[in-house]
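Here are my notes on this one, jotted down as numbered points. Have the viewer open while you read.

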Number of protein chains: 2
Amino acid sequence: MSLNDIAEYQAKRAAFINEDRALRRDYARSANRSAIELEADKVIRQIRAIEASSIWDGEHENIQHPFPGMEFLTAREVIIKTKLFKILTKMPKGALLHAHLDATVNVNVLLQLALQQPAIHVCASTPINATTIASTLPKFKALPKNQFSGGAGLTDPSYVANDWVSMRKARETFSPELGGPQGFDNWVIAALTINPNEAYKTHNTVTKIWQKFTSTFMTSTGLIRFAPIWPEYIREFLVTSIDDGISYAEVRINFLFKHMFGADGNENVPHREWIEMFGKVVNEVKDDMKKKGREDEFVGARIIYTTIRIISPEELEWYTEDCITLKQEFPDLIAGFDLVGDENVLKPLIDYIKPLLLFQQRQKELGLDIPFIFHAGETLGDGTKADNNLYDALLLGTKRIGHGFSLVKHPKLMQICREKGVMVEVCPISNEILRLTSSMPMHPLPIVINNGIPVALCSDDPAVFGSMGLSFDFFQVLVASEVTGLIQLGEMARDSIQYSTLDIEGKQRAIALWEKRWAKFVEEVANFDISDKLAV
Amino acid sequence: MSLNDIAEYQAKRAAFINEDRALRRDYARSANRSAIELEADKVIRQIRAIEASSIWDGEHENIQHPFPGMEFLTAREVIIKTKLFKILTKMPKGALLHAHLDATVNVNVLLQLALQQPAIHVCASTPINATTIASTLPKFKALPKNQFSGGAGLTDPSYVANDWVSMRKARETFSPELGGPQGFDNWVIAALTINPNEAYKTHNTVTKIWQKFTSTFMTSTGLIRFAPIWPEYIREFLVTSIDDGISYAEVRINFLFKHMFGADGNENVPHREWIEMFGKVVNEVKDDMKKKGREDEFVGARIIYTTIRIISPEELEWYTEDCITLKQEFPDLIAGFDLVGDENVLKPLIDYIKPLLLFQQRQKELGLDIPFIFHAGETLGDGTKADNNLYDALLLGTKRIGHGFSLVKHPKLMQICREKGVMVEVCPISNEILRLTSSMPMHPLPIVINNGIPVALCSDDPAVFGSMGLSFDFFQVLVASEVTGLIQLGEMARDSIQYSTLDIEGKQRAIALWEKRWAKFVEEVANFDISDKLAV
């Protein structure tokens, strides 16, 4: 065995690895790297390696088995102390392409917004006491003034089940034994979020955690679907997203309920007003950003119209017509159409094939373009209806795939996504908390990336998961792979704008602004003094 | 939207699904199905569907979240009560291609074999009592007669640390407070196996469970690496494998230690005698089967020579030469060569590139063929040394890949495996207990199958996992996929023979015998009366 033979093998090996990675989108553009980008990438990889042993290999109070990319709800307190996370909060993230509006605002903020509204009332199915509190959910609703009640508080033994109590009063009169007003807040927040005990112990299967997950929306909808709160909620979502480096959003709004509650406490605000308010807030935020000299940080937000897969195919026809009407009135605000809910238990796309084909036909007749941006394959199933949704999503020409967790099982579908440029909206933390994967190292994301399919990292329901913004999702992806570095995160951020529904001009502008911020960001990272600042 | 449009869509959809599945090996041969095979497959799918709700959707004592394909160590007691499992125990499994001999025999049987040998002694690093028992491992060794000691038993407070005590005496004198002889047995068995608490709680990461896993081999080696036990161990492995429907085995034997302990208690039995004994037992089992009129159930067993990735590249040259010498003396018994141990922490293949290339060159000179059958990619890493082992395994022309858990991340390597017919030895239960996947629905197996790569299901270390035979692994795979049915299991069993190292003639014979048994088996399954016999 000569040295020559070894050298020859090493050369063959390097070429082989390159060949295996050739489909990757970052690989295809690898010639374009600036020296400063390469340096920044190196710095990030060094910090990651240092923190892998200094932080993730040690012992932590309350964490039995720390490792990079571990269960988010357990790791959160550790993550926020890392240098890596602090750097990522400053990264320009591009577009947020997959998030459900109802679950995008910190639950503490929502609580404060609600407490400002005297119309908001709360009820429970039983008086709340030490025995019932853990298993009873608060239900919220705006009431007209003439229905405001003067009954007993929720923790009063004389409370009549399902009686509406003013939220403020319920909070103020919440029994001291249950923590008083703070106890009320904790109870509400527990109903709006998933905690580690639920995700990793009591509800540790896809089926069970979805039950808890769904219940958080049942709780929040009574607060958010109220005209005085709605615009403030959207404003908070946009402002905090911008602060996290998100410059554009396509947010899924659930239009299942045909009306929102108005300021008068009556359920009388139609969909067109929801969208009008949305558009108004977007413009106000743009104006605010301009006033602050930060107009480059936000190019706008649009809506993906969604309803839930519980409705009948006949009912869906009402929603698709509704969507068409709204698109005609708000062409710039309606970005696409989707059906949501637990794919494992609700109706598959194929059940809706008639109204969906009809929807496409109607658009053609009317000269409209409302792309499907379907949730599909958010499942562990192999050949189940949820898994098979991927076939229909692609046959129906979906522009992107929401989740596509089971896509990697399908060689033909992977090929189509690569060749036709169908992006996958990957929601790492959501997938983990909803128990499709136990941790990030088990997540199929590297398979999708290595097959050259465009990927955007998305937060899905950050309010429920406590993962506000995109920094946490970017963090979890970064620490779980030796192939992914800062450059690869940057490619995904750039692609998130590229595969948005913005028109060509809008995309060009958004990408140009992103590139400018990216250049500034990588320069800061490249100049980061590792030795000096890494003590945590 | 006309009915015609819907029909057209449905036809397109069916073709699309077929196209996506076209690479599958069972799909390629789907024209060959007999009516009886299709019927048997249907029966199995029906039983699976019934048991999914009657057994896996209910509540069980000690099981918080039952579901099909759940954690094996928790589910085992439920699995063995299912009809599906009982049927699978009767299935002809083909070849067992990935198992480590040291971990193939029920630990209770090993314990009995050891207790028959007065030479076997045991020691511990401290006297065993209620405080030390859980954290102290027994260590076994055969001693020469003149070294038999008369010292205190292990639980005697006067026991001197690391003193060798006769195993029988240690057992008989084991303190009644610790359960007496039964307590001794429990202690030894706990050291030889992984229990659910370890896998799913105290050692619930790949790193930690590998520490426990490795320790089981440290314990068992002192019992197995003893000439009077060795052939009986092999016999037990073969006989129980045959009873589980395995008709041929290629078993990995660890040749790291250069000698075995002889009947005289001295470490003086060289590798050639290990193999000689192995061959002798294989022939005896064949003869026994013939006497019982069951000669069609067993065609033989061969050895994959392995050593551990802790040795230096220079040391490896001794082993490759040793392997060559053994292949020359036992051409029919040496089937291939492998390097084993935790890929995440031990040396990667590339570190051994010089001796491995030299090994190939030496074989060419000598006219030998000892295929590499490498463990590679048994990891959650993405771009780590363990993941990168896949590149070297394939560049070095590995005949099959052991585990290949991370193979699915590599599009080029997947293509090569499909096109060149490199089989993946998938070990479902091993992967789950060693924490690469949390349950079978999370396992990447469907990706491998859908990409048309040949797969053999393997048990790896059934003695450590309590998953004797292959029925448990087949069961876990069957219940975790709607695509996989009996036909697909049959295809994998057939392929296990096809991709063995048997010569053409040997394969033809083995496959013909398997086909005969398969036909009989599917007939029995097809005639299974579901309604009558499904009450569990």
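1. Polar contact here means a pair of N or O atoms within 3.5 Å; within protein, one has to be able to donate a hydrogen and the other to accept it, and residues adjacent in sequence count only if both atoms are side-chain atoms. On that rule, 27 residue pairs are in polar contact across the interface of chain A and chain B, both residues being at pLDDT 80 or more.

2. Before going on, some bookkeeping. This is a predicted model, with local features needing pLDDT of at least 70 and side-chain atom pairs counting only at pLDDT 80 or more, while totals for chains, interfaces and linings use all residues. Residues are numbered from 1 along each chain, chains are lettered from A in the order written, and side-chain values use heavy atoms, without hydrogens or water.

3. How much area do chain A and chain B bury between them? About 5,300 Å², with 63% of it on carbon and sulfur atoms; that is accessible area (1.4 Å probe) lost on putting the two together, summed over both. On the chain A side, Met1(A), Tyr9(A) and Phe16(A) lose the most, together 14% of what that side buries.

4. In contact terms (heavy atoms within 4.5 Å), 59 residues of chain A meet 59 residues of chain B.

5. The rule also finds four salt bridges across this interface, a salt bridge being a side-chain nitrogen of Lys or Arg within 4 Å of a carboxyl oxygen of Asp or Glu. Take Glu19(B) with Lys412(A), where the closest N and O atoms are 3.0 Å apart. Among the elements giving two or more residues to chain A's side are H1 (3–21) and H16 (411–420); H1(A) gives the most, with eleven residues. Helices (H or I, at least four residues) and strands (E, at least two) are DSSP runs, numbered from the N terminus.

6. Over all chains the salt-bridge count comes to 60. Asp244(A) and Lys93(A) form one of them, at 3.8 Å between the closest N and O atoms. Asp244(A) sits in the loop between H11 and S5 and Lys93(A) in the loop between H5 and S1, so the pair ties together parts 151 residues apart in sequence.
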